[in-house]
Amino acid sequence: MSERAIVIGGGIVGLSIALGLARAGLGVVILDGADADNRASYGNAGLVWVQSKGADHVPYARWSRQSARLWPAFAAELEQTTGIDVEYDQRGGFSFCLDEAEVEARRAMVDKMAARLGPENDVEFVDAGFVRQRVPHVGPKVLGASWCPSDGHVNPLLLMGALRKRAAALGIDILYGHKATRIGMNGSHLTVYGEGFGMRADRVVVAAGLATQELAATAGMTVPLKPVRGQIVVTERLRKVIDYPTPTTRQARAGSVIFGNSHEDDMAVPGTTLSVIASHAQRAIAEFPFLASRRILRSWGAIRVMPRDGRPVYASSGTCPGAYAIACHSGITLTAIHAGIVGPSIAAGELPPAVSTFSDERFHVVSPA
Ligand SMILES: Cc1cc2nc3c(=O)[nH]c(=O)nc-3n(C[C@H](O)[C@H](O)[C@H](O)COP(=O)(O)OP(=O)(O)OC[C@H]3O[C@@H](n4cnc5c(N)ncnc54)[C@H](O)[C@@H]3O)c2cc1C
């Protein structure tokens with residue numbers, strides 16, 4: 001009989017790890033929580049974004065880029081196996097600068113990335129002429145941008161649908177409303193306990209979004225997280241004119257323009273505020289003046305799963321061998337590498353060597369005597 005893995009959390013991270021485990025031959029069960037849980041996977045912007053990732057941490061820059069390189073084949077495989085086109089588009093992305101302070105900050109980021117990544121660097125600062133050639137509808141306030149050909153975007157709701165369809169085809173059971181409360185050893189058996197159940201497994205992966213911190217702690221892993229709210233606005237469907245995404249604005253294939261990229265620290269309540277939506281709209285109009293006369297259809301707020309230092313956490317348990325915990329704030333970007341490399345590696349009994357730098361040991365700080 002094949003080994004069994006339990007993945008706690010049915011968001012984008014849990015689903016992508018589960019696919020990797022199942023493709024490696026394990027029987028996989030996903031335990032998912034309640035409808036009312038925070039679910040970043042249903043409220044994000046859909047960027048597969050690398051240009052600013054890891055400016056202060058080269059392994060994170062490399063890890064994000066490696067995932068972006070895996071994305072085209074991953075999206076093609078999803079379409080082939082599920083019939084769902086997740087609208088992945090990787091033609092590059094800009095981050096626009098609207099004043100001299102933004103130009104200076106962007107240039108500094110680009111220089112830092114170039115110095116740190118050396119020949120692997122793929123980000124450059126480009127002037128307004130370069131931007132206008134590719135994005136003719138930008139406004140006169142756009143002074144320049146950072147540009148990275150590895151950036152892209154995807155439809156996150158289609159992606160979730162495709163992952164769930166693929167999971168079903170691979171025989172993965174998703175048990176909704178199964179809230180796990182702790183991980184422990186029952187004799188020599190790794191066991192997940194929840195409200196009214198105890199389930200044995202050979203591997204357990206905690207990927208429960210913000211709940212990962214508490215669940216991982218029950219197996220001795222340290223995953224410090226904080227909630228960060230982001231608010232997003234969506235327009236009516238428009239003629240497709242924005243071909244390149246930015247961190248603040250992208251146009252979906254169906255024509256809606258999706259804008260906004262707020263980071264409201266330690267805010268665990270979803271929902272929107274007029275002040276943030278208004279500032280999103282001002283920025284979007286400065287980037288693309290034609291939006292001023294277009295209608296907004298909806299807006300929402302969702303809660304990011306933010307590791308304390310902003311870098312992903314890949315932890316393995318010392319007290320419960322076979323148990324792992326994963327949390328990251330760019331789960332869409334990292335979907336391809338989670339399914340293609342992390343899942344199969346955990347199936348084989350260890351985390352991939354490339355993530356040793358993201359272990360939870362970095363949080364084990366010894367207090368001075
Ligand atoms: C506004 C916003 C914009 C974003 N934009 C981007 C972007 O453009 N690109 C990008 O890469 N990332 C983006 N992100 C981040 C991305 O959405 C997250 O990294 C990702 O969704 C996290 O997925 P997750 O599976 O870890 O968590 P979640 O989606 O939060 O899922 C966690 C799951 O665990 C379940 N759960 C919780 N507790 C338990 C329990 N005790 N037992 C069982 N199950 C449990 C929940 O029910 C839930 O289904 C954005 C996030 C936000 C909020």
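Here is a short chat about the salt bridges in this predicted model.

Visitor: How many salt bridges are there?
Guide: The count comes to 17 salt bridges in this predicted model.

Visitor: Okay, which residue does glutamate 3 pair with?
Guide: Glutamate 3 forms a salt bridge with arginine 203, and their closest N and O atoms are 3.3 Å apart. The pair links distant parts of the chain, 200 residues apart. Glutamate 3 sits in the segment before strand S1, while arginine 203 is in strand S12.

Visitor: Is arginine 203 buried or exposed?
Guide: Arginine 203 counts as buried, because its relative accessibility is 10% and buried means under 20%.

Visitor: Switching topic: what about arginine 23?
Guide: Arginine 23 forms a salt bridge with glutamate 77, with the closest N and O atoms 2.8 Å apart. Arginine 23 lies in helix H1 and glutamate 77 in helix H2, so the pair ties together parts that are 54 residues apart in sequence.

Visitor: And which residues are linked with those in a network?
Guide: Arg23, Glu77 and Arg166 are linked in a network of salt bridges. As for accessible area, arginine 23 is partly exposed at 34%, and glutamate 77 is partly exposed at 25%.

How values were computed: Residues numbered from 1 in each chain as written. Predicted model: local features only at pLDDT ≥ 70, side-chain atom pairs only at ≥ 80, totals over all residues. Heavy atoms only, no water. Salt bridge = Lys/Arg side-chain N within 4 Å of Asp/Glu carboxyl O. Helix = DSSP H or I, 4+ residues; strand = E, 2+ residues; numbered from the N terminus. Buried < 20%, exposed > 50% of the residue type's maximum accessible area, 1.4 Å probe, protein only.
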